[in-house]
Amino acid sequence: MAKKQMSREGFEKLQEEYTRLVTVRRAEVAQKLKEARAFGDLSENAEYDEAKNEQAMLEATITQLEETISNAEVVDDDQISIDEIGVGSIIKIKRMDNDKIETLQIVGTTEADAATGKISDESPIGKAAMKKKIGDIFIVEAPVGELRFEVIEISK
């Protein structure tokens with residue numbers, strides 16, 4: 001798996017979630033399994049089956065988080081350029097067809113949250129904006145056709 005860039009904040013959130021799942025959720029699921037076993041015959045025990053499924057899903061999530069964390073490349077603030085767009089950059093872009101200005105932050109895929117203006121470096125806009133400088137115009141292929149944006153500002 002290739003290294004995935006993410007902010008220090010995003011990396012720490014993943015580590016917190018991993019720790020919570022390993023220390024708290026594993027114990028909760030183990031307790032559910034123990035209680036379900038006490039109900040007797042496991043072949044017709046819906047609670048046991050449900051607890052086993054929950055355990056399997058939890059372990060899959062933990063494995064996925066371990067993989068993401070071990071393949072993370074943390075981008076600290078001092079590594080973020082204000083000359084060229086990269087992961088961590090906060091950008092102000094103007095849509096050329098309607099002059100609407102948006103402020104977005106380019107983040108790693110695990111941190112993306114469109115509602116808060118955090119877009120992935122692998123999203124259509126994020127991918128097209130990478131390595132651009134102030135004044136550059138970039139084109140994004142969208143279902144509605146080509147969208148043209150101009151980079152107004154880059155900060156961190």
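Q: What is the bridge partner of A142 in β7?
A: The partner of A142 is G145. This is a predicted model, where local features need pLDDT of at least 70 and side-chain atom pairs count only at pLDDT 80 or more, while totals for chains, interfaces and linings use all residues. Residues are numbered from 1 along each chain as its sequence is written, and side-chain values use heavy atoms, with hydrogens and water left out.

Q: What makes β6 and β7 a pair of strands?
A: Strands are DSSP runs of E with at least two residues, helices are runs of H or I with at least four, and both are numbered from the N terminus. Two strands pair if DSSP finds at least two bridges between them. Strand β6 (residues 137-142) and β7 have six bridges in the antiparallel sense, so they meet the rule of at least two. With two residues between them, β6 and β7 form a hairpin.

Q: Which strand is joined to strand β3 (residues 90-95), and how do they run?
A: Strand β7 (residues 145-155) is joined to β3 by six bridges, and the two run antiparallel. On this side of β7, I90 stands opposite S155.

Q: How do you know that F138 and F149 form a stacked aromatic pair?
A: A search of the whole structure finds one aromatic pair. That pair is F138 and F149, with 5.5 Å centre to centre and 25 degrees between the planes. Rings of Phe, Tyr and Trp (its six-membered ring) pair if their centres lie within 6.5 Å; planes under 30 degrees apart count as stacked, over 60 as edge-to-face and the rest as tilted.

Q: What does the pair of F138 and F149 tie together?
A: F138 lies in strand β6 and F149 in strand β7, so the pair ties together parts that are 11 residues apart in sequence. Both F138 and F149 are buried.

Q: Why is D121 called buried?
A: Buried means under 20% relative accessible area, exposed over 50%, and partly exposed in between (1.4 Å probe, protein chains only). D121 has 17%, so it counts as buried. D121 is found in the loop between β5 (118-120) and α3 (124-129).

Q: Why is E50 called exposed?
A: E50 has 58% relative accessibility, so it counts as exposed. E50 is found in helix α2 (residues 46-70).

Q: Is A115 buried or exposed, and how do you know?
A: At 75% relative accessibility, A115 counts as exposed. The place of A115 is in the loop between β4 and β5.

Q: What makes the phi of K131 worth a look?
A: Most residues other than glycine have a negative phi. K131 has a positive phi of about 70 degrees although it is not a glycine. K131 is found in the loop between α3 and β6, and with a relative accessible area of 57% it is exposed. D99 also has a positive phi without being a glycine, near 60 degrees, and lies in the loop between β3 and β4 (101-107).

Q: What makes the largest pocket a pocket, and what is its volume?
A: On a 1 Å grid over the protein atoms alone, a cavity is a set of points where a 1.4 Å probe fits but cannot get out, and a pocket is an open set with protein on both sides within 12 Å along at least five of seven lines. The largest pocket has a volume of about 190 Å³. A volume is the space filled by probe spheres set on the points, which are joined across faces, edges and corners.

Q: Which residues line the largest pocket?
A: Lining residues have an atom within 4 Å of a point. There are 14 of them, and Q5, Q79, G86, V87 and K131 lie nearest the centre.

Q: How do you know that the protein is more spread out than a compact globule?
A: The protein has three helices and seven strands. Its radius of gyration is 22 Å, well over the 15 Å that the globule rule gives for 156 residues, so the protein is more spread out than a compact globule. The radius is taken over C-alpha atoms, and the rule is 2.2 Å times the number of residues to the power 0.38. Along its principal axes, the C-alpha trace spans about 70 × 35 × 25 Å.
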